[in-house]
Structure formats: structure tokens, C-alpha cells
Amino acid sequence: MSRIAYVNGRYLPFAKAKVHVEDRGYQFSDGVYEVCEVRGGQLIDGRRHLERLKRSLGELNIRMPMSARALGVVMREVVARNRIGYGIVYLQITRGVARRDHAFPANEVRPSLVVTARTLNKARNEALAERGIAVVTVPDNRWGRVDIKTIGLLPNVLARQTALERGARDAWFVDAHGIVTEASSANVWLVTSDGTLITRHADNAILRGITRTVLFDAIRAEGLTVEERAFTLQDAYRAREAFITSASQIVLPVVRVDDRVIGDGKPGPVTIALRRAYRRFAEAG
Ligand code: PLP
């Protein structure tokens with residue numbers, strides 16, 4: 001079955017799914033995106049992802065190409081046309097197509113909208129979560145507004161490539177003060193050496209993950225508490241447990257940071273409990 005993409009109003013086979021060379025996404029990374037998990041053919045936390053999308057667009061003065069409700073319809077249609085049971089749906093909006101010029105184009109230029117979806121390998125993801133992953137750390141050299149989910153991901157791309165070249169699965173960004181901000185495409189959590197569950201507070205220096213937000217509900221339901229605060233790389237090296245959260249991986253244990261083994265080198269009990277509990281709080285629809 002050939003994959004289908006939605007491109008500016010049309011559902012097209014992948015080979016025909018194209019955008020213009022002067023799309024501002026292509027020229028300037030002038031756009032934003034969202035990734036939602038798909039499970040049982042349903043969007044997971046679609047409403048929350050579309051709320052964050054609206055915020056990202058608002059921060060950049062890009063208008064919504066259609067209502068959030070209509071975007072939800074398109075996303076579900078792409079999921080259905082690609083027969084995705086378990087996977088992800090990707091949505092990207094750019095400022096549109098205009099003669100290359102840094103300043104915003106005229107008001108009548110319409111934002112471009114692309115939606116794709118693909119299947120993920122559930123067994124592989126589960127196996128990864130059972131083992132846990134290794135991460136390396138890299139300097140956080142990103143711009144100061146990574147709370148906006150822009151398609152400008154070059155530092156994230158380079159970080160992930162560095163991780164792979166060093167035999168790890170992912171990279172964590174560490175800022176100039178030695179604070180761990182987030183992973184290349186996920187938020188970072190620790191159970192510290194004294195047993196406190198922490199994650200970095202959400203400001204302009206990290207993306208406020210939807211999985212992160214939903215996990216707060218799961219934490220309360222498990223009778224746990226979490227502190228939202230900055231933590232250093234040294235805190236991470238000494239942690240009992242570590243994990244990352246994102247829509248495509250949910251709660252993924254981290255068992256090695258650089259050359260340090262975390263805890264006993266296996267996913268810890270809090271991490272495992274939260275991975276299980278998460279599902280009850282995610283909204284399917
Ligand atoms: N931080 C970054 C840099 C990301 O790219 C992502 C997801 O892509 C996240 C955090 C986690 O966000 P979410 O839980 O909404 O997927």
C-alpha cells in the first residue's frame with residue numbers, strides 16, 4: 001500500500017507530495033510542527049497537541065490554516081488512509097510560499113500545511129523500554145525560544161548524530177551552567193540519589209512536552225510527587241533512575257549517561273510504574 005500525505009488541501013501519494021522551492025519552511029525553517037502518537041488507530045492527546053500548535057503559531061505570528069477541529073479531521077483522515085494502528089502522525093505548518101525575503105510576506109500568503117503518518121514498530125519500542133537506553137551529553141547551543149516547536153532542528157539533528165556516532169541512542173543538552181535542559185527530542189526526568197522525582201521547569205529553554213504534562217497526572221495518581229526544577233549533569237550522574245518522555249516513546253528509561261551507569265544499569269521501579277500508569281491519563285480520540 002502506498003503512503004498518502006496531505007499537502008495544502010489534497011491527499012496525495014508520497015511520490016506526488018511536494019512543496020514549492022520557495023516555501024518559507026524550506027528557505028528559513030519558518031514554521032512549526034507537532035507529532036502525535038497513534039494507538040489503536042486513534043490520535044493520542046490530539047487536543048493538547050493542537051493547543052500547543054496554536055500557541056507555537058501565535059508566538060511566530062503565523063495564522064492557523066484552518067480551525068483546530070478541522071486539523072484534527074485531516075490528521076485522523078491521514079491516519080485512516082495510511083491504515084496506521086500504532087505509529088505517529090506528523091503535522092507541519094509554515095508561513096507559506098513567497099519570494100525569498102527575510103521579512104514576513106504579504107498577508108494574503110497562505111500558510112502551508114503538510115500532514116504525514118507512519119507506522120512504528122511496537123515490539124522494537126517495547127524491547128527498548130525493557131532494556132533502557134544510553135545517552136551522551138552535548139552543549140545546548142540552541143536559540144532562546146525552544147519552547148516554540150519550530151521546524152528549525154539543526155542542533156537537535158547534530159546532537160542525535162553525535163549520540164549515534166558515540167554508540168548511544170540519544171543526546172541530552174547541557175547549558176553553560178551545567179544544567180541539563182532536555183533531550184534531542186524529549187524531556188528529561190530523574191529520580192535523584194535521595195529519591196526525589198524531578199524534571200526541569202518549563203520556561204523558554206525547553207519544550208513543554210505534552211507527555212510531560214500528562215505524566216504529572218499519572219504521578220499524582222501513583223501517590224508520588226514531582227519537583228519542577230533545574231538539575232545539573234552531576235545530579236544526573238548520581239541519579240537512581242533517569243528517563244525521557246515524548247509522544248513517540250512515552251516513558252523511556254535511560255540506564256547510562258555518558259560513561260556513567262545509572263542505578264544498577266536497569267530501568268528503575270519508578271520509571272517502570274510511570275510507563276505503565278501513563279496510558280490511563282492519555283486521551284484517545
Ligand atoms: N523536547 C523536545 C526538544 C522535543 O522535540 C519533544 C518532542 O518532540 C519533546 C521535548 C517532548 O514533547 P512531547 O511529549 O509533546 O512529544
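Val38 lies in strand β3, which spans residues 31-39; helices (H or I, at least four residues) and strands (E, at least two) are DSSP runs numbered from the N terminus. With a relative accessible area of 0%, Val38 is buried. Residues are classed as buried under 20% relative accessible area, exposed over 50%, and partly exposed in between, with a 1.4 Å probe and protein chains only. Val38 and Asp101 are 63 residues apart along the chain, and their C-alpha atoms are separated by 37 Å.

The model is predicted: local features need pLDDT of at least 70, side-chain atom pairs count only at pLDDT 80 or more, and totals for chains, interfaces and linings use all residues. Residues are numbered from 1 along each chain as its sequence is written, and side-chain values use heavy atoms, with hydrogens and water left out.

The ligand is surrounded by 17 residues, the closest being Arg52, Glu182, Ile210, Thr211 and Ala247; a residue is counted here if one of its heavy atoms lies within 4 Å of the ligand. By class, this shell has 6 nonpolar, 8 polar and 3 charged residues. In this classification Ala, Val, Leu, Ile, Met, Phe, Trp, Tyr, Cys and Pro are nonpolar, Asp, Glu, Lys and Arg are charged, and the others, Gly among them, are polar. At least two residues of the shell are supplied by each of α2 (46-60), β9 (180-183), α6 (210-221) and β13 (241-246).

Polar contacts are pairs of N or O atoms within 3.5 Å; within protein, one atom must be able to donate a hydrogen and the other to accept it, and residues adjacent in sequence count only if both atoms are side-chain atoms. In the side chain of Arg52, an N or O atom is 2.8 Å from an oxygen atom of the ligand. A polar backbone atom of Ile210 is 2.8 Å from an oxygen atom of the ligand, and a polar backbone atom of Ala247 is likewise 2.8 Å from an oxygen atom of the ligand. Of the 380 Å² of accessible area that the ligand has on its own, the protein covers 93%. Accessible areas come from the Shrake-Rupley method with a 1.4 Å probe, and for residues only the protein chains shown count as cover.

Asn187 is placed in strand β10 (residues 187-191) and is buried, with a relative accessible area of 5%.

Side chains of opposite charge can pair when their charged atoms come close. A salt bridge is defined as a side-chain nitrogen of Lys or Arg within 4 Å of a carboxyl oxygen of Asp or Glu, and the count by this rule comes to 24. One of these pairs is Arg145 with Glu59, whose closest N and O atoms are 2.9 Å apart. Arg145 lies in the loop between β7 (133-139) and α5, whereas Glu59 lies in helix α2, so the pair ties together parts that are 86 residues apart in sequence. Arg145 is partly exposed, at a relative accessible area of 22%, and Glu59 is partly exposed as well, at 39%.

Asp217 forms a salt bridge with Arg220, the closest N and O atoms being 2.7 Å apart. Because these residues are 3 residues apart in helix α6, Asp217 and Arg220 are separated by about one helical turn. Asp217 is partly exposed, with a relative accessible area of 26%, while Arg220 is exposed, with a value of 58%. In helix α7 (residues 233-238), Arg238 and Asp235 are 3 residues apart, about one turn of the helix, and their side chains meet in a salt bridge of 3.5 Å, N to O. Asp235 is partly exposed, with a relative accessible area of 24%. Salt bridges that share partners also join Asp45, Arg47, Arg48, Glu51 and Glu283 into one network.

Val146 is placed in the loop between β7 and α5 and is buried, with a relative accessible area of 10%. The C-alpha atoms of Val146 and His20 are separated by 26 Å, the two residues being 126 apart along the chain. Leu154 lies in helix α5 (residues 154-165) and is exposed, with a relative accessible area of 56%.
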